[in-house]
Amino acid sequence: MRIHRPDRAAYAAGAARTIAGLSRARGGGGTSLPGLIAERLAPRITERLAAQIAHGTIAVSGTNGKTTTSALVSAALAASGLRPLHNRAGANLLRGITSTLVMESGSRGMLHKPDAIGVFECDEAALPAICTALRPVAIVLTNLFRDQLDRYGEMQAIVQRWRPLIAGLTSRTTLVLNADDPLIAALGIDAPAKVVYFGMDCRTFGRAAPAENADSTSCPLCAAELAYDLVYYAHLGHYRCAHCGWARPLPAVRADAVVPRDLKGTGVVITVAEETVAAELRLPGVYNVYNALAAAATAAALDLSPRRAMSALSEVGPAFGRAETVRFAGRDLHLFLVKNPTGCDEVLHLLGTLDGPIDLLMLLNDNAADGHDVSWIWDSRVEGIAWHVRNATFGGTRAADLAVRFKYAGYPTTGAMIVPDIRAAITSATAATRDGGPLYIVATYTAMLAVRRFLAAQGVVKHYLDQAKGA
Amino acid sequence: MVTDSLGTIRIAHLYPRQMSIYGDTGNIRALAQRALWRGYAVDVIPVDIGPCPDMESVDLVVIGGGEDRAQRAIAEDLRSLKGPALRSAAEGGLPILAICGGYQLLGAFYRGADGSTLMGIGLLPVETVHAGEAAPRCVGSIVVRWGSETLVGFENHGGRTYLTGGQPLGRVQIGFGNNGSDGSEGCVAGSVIGTYLHGALLPKNPHLADHLLSLAVRRRGLPPLPPLDDTIETIAHRAAVQRAQARKR
């Protein structure tokens with residue numbers, strides 16, 4: 001018997017792709033199985049494949065906005081003729097990135113189309129390991145909020161994990177940092193990498209004092225309390241430390257004006273160095289202005305035309321479950337993904353600005369990807385939206401917790417509103433909307449997947465894995 | 001302020017910025033709403049670092065959980081500026097609820113992961129030692145037997161707490177509790193209750209919320225609390241118990 005010994009990486013990639021294909025054929029949606037197999041068969045395969053990417057890779061991380069920012073970065077780069085290669089939302093651990101690269105490569109362990117630029121959304125805890133493998137040319141950090149405490153532990157732990165990563169960089173890498181988030185901004189101090197800051201400079205848009213559930217308003221350098229001139233969103237804003245004198249760095253990429261347009265989007269005026277560009281984003285909410293700024297700053301770090309980048313950003317619509325609208329049973333369903341109190345507050349605040357009262361379906365799961373601990377709903381300012389809700393339905397594994405939350409927020413909750421089964425919840429909530437009007441669906445991660453599966457089964461949206469790559 | 005209310009219930013929330021790690025403000029909301037629904041007016045008084053308000057005129061005290069850094073930031077203030085007044089009022093029956101990091105500081109001491117020790121205010125006969133970064137944290141859904149009833153919540157702590165006297169709050173049915181070895185959860189001494197339960201604790205455990213409110217109204221000489229319709233809370237409580245049972249290893 002002749003033994004043919006192919007290159008280990010090629011063999012690993014081929015085996016991984018075959019098994020992935022079988023898994024998909026059986027209806028599995030796993031995005032990391034190919035990576036798991038490839039890793040076992042050929043260690044360091046990720047490094048080897050990433051090294052083939054002609055224009056290098058960009059890593060995007062932070063608590064909120066990774067997926068949207070990655071999509072915006074990809075769009076901005078594509079507009080300048082680059083071909084972005086990126087991982088799907090949720091495949092943001094090292095294994096998921098390995099899978100992405102394996103699925104893009106051929107039988108010889110070589111990428112099909114190496115003339116590309118990698119744009120990889122990275123889980124915060126996994127970022128250092130991913131960057132060791134990818135050796136990115138840019139690392140984009142959006143923000144740090146208290147997320148799922150039972151998975152990541154304290155925010156300080158994430159900063160501690162990131163410090164050695166940053167200390168080990170060279171000027172070959174650019175850090176793209178949110179100047180308005182003190183925890184992120186402080187990472188740029190004395191960093192051996194190049195640093196580009198982005199932030200908001202729009203004085204008409206901010207509030208006077210930190211939001212009630214701000215996670216961290218102490219100085220990352222000396223732990224004294226930070227003073228804020230202006231707050232945009234949770235602990236993001238214009239801050240300074242009276243004790244040690246450290247203050248928000250001035251961003252090279254900034255939003256000078258922000259004009260919200262309900263759920264349709266946001267008008268922005270962004271300045272990159274000396275160039276000022278106006279654009280209409282198709283994404284609503286201040287949190288998306290930050291995502292757009294991150295993308296504009298990344299394009300600037302790569303010396304791409306700001307005008308072309310902003311024009312591309314204007315084309316990007318909402319991604320999977322992020323202020324996405326689908327049509328079902330003769331109604332508009334608006335889908336919002338929430339993961340933590342800050343993100344939830346921004347969504348609820350946005351809903352509170354709409355003509356109301358609104359019909360709301362809120363879905364709370366406590367599976368691993370959602371976070372087993374749902375205490376965070378008590379940090380979310382449901383009180384602000386409760387008065388603005390006409391008909392509420394609560395679904396998911398922790399539907400009853402939501403019902404209690406709304407009851408204590410002053411909403412007249414009844415047992416009939418608790419419908420744990422998500423398909424039944426969507427069906428009844430949709431049927432009950434006012435005059436066949438819209439339904440607003442706010443859901444945690446695995447609950448949003450369930451919404452997606454249900455709608456796909458009804459023929460409404462394509463299974464998200466079949467969607468074309470990109471936003 | 002409600003003009004013809006039965007009176008005002010004053011809830012002191014200790015260190016709301018530093019010690020509100022994870023939804024623990026839900027306990028304030030639960031107490032406040034349940035008092036409002038009975039016709040009381042409610043004042044929630046945030047108590048930060050600095051001078052201590054008059055604890056004799058306060059009806060309930062709540063302190064939530066916090067990261068190690070937050071505990072270090074408030075421990076000295078708690079001991080020197082708040083401790084004596086709290087101790088004195090607790091002797092007179094002032095109900096105090098302390099969660100997680102707050103619970104630890106109500107004990108004799110908390111020895112952190114780095115070996116440093118924070119002295120507590122000694123309102124509860126407990127000592128806490130962090131098991132070290134290498135040791136697994138006590139994380140997960142927890143169900144506790146409290147008298148003839150259950151308490152349900154979520155725990156997440158590296159510290160292991162041991163009673164040196166007094167009584168636990170309850171016995172662990174599912175989860176780790178104080179230290180994962182002796183089956184105790186929390187501690188009760190008079191009107192002072194410490195526990196590791198987040199969730200938030202009181203919304204899904206209305207019987208415990210009412211226990212605290214009853215201690216408060218009794219201390220003020222006010223009439224007993226009429227019952228409330230806890231249908232929604234009970235559905236959530238039972239669902240949480242079932243979920244914990246389904247996840248039990």
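1. Let's start with the strands in chain A. S10(A) and strand S11 (residues 275-281) of chain A run antiparallel and are joined by seven bridges. If you want a pair to look for, A:Thr266 sits opposite A:Leu281 in S11(A). Bear in mind throughout that this is a predicted model.

2. The turn between those two strands is worth a click. The hairpin of S10(A) and S11(A) has two residues between the strands, and A:Ala273 there takes a positive phi near 55 degrees.

3. The hairpin of S9(A) and S10(A) has three residues between the strands. In that hairpin A:Asp262 takes a positive phi near 50 degrees.

4. Now for the contact between the chains. Chain B puts in 26 residues and chain A puts in 21 residues. On the side of chain B that touches chain A, at least two residues each come from helix H1 (25-37), strand S8 (138-146), strand S9 (149-157) and helix H5 (231-247) of chain B. H5(B) gives the largest share of that side, with seven residues.

5. What is the split into nonpolar, polar and charged residues on the side of chain B that touches chain A? That side has 10 nonpolar residues, 10 polar ones and six charged ones.

Terms used: Residues are numbered from 1 along each chain as its sequence is written. Chains are lettered from A and ligands numbered from 1 in the order in which they are written. This is a predicted model: local features need pLDDT of at least 70, side-chain atom pairs count only at pLDDT 80 or more; totals for chains, interfaces and linings use all residues. Two residues are in contact if their C-beta atoms, placed from the backbone, lie within 7 Å. Helices (H or I, at least four residues) and strands (E, at least two) are DSSP runs, numbered from the N terminus. Ala, Val, Leu, Ile, Met, Phe, Trp, Tyr, Cys and Pro count as nonpolar, Asp, Glu, Lys and Arg as charged, and the others, Gly among them, as polar. Two strands pair if DSSP finds at least two bridges between them.
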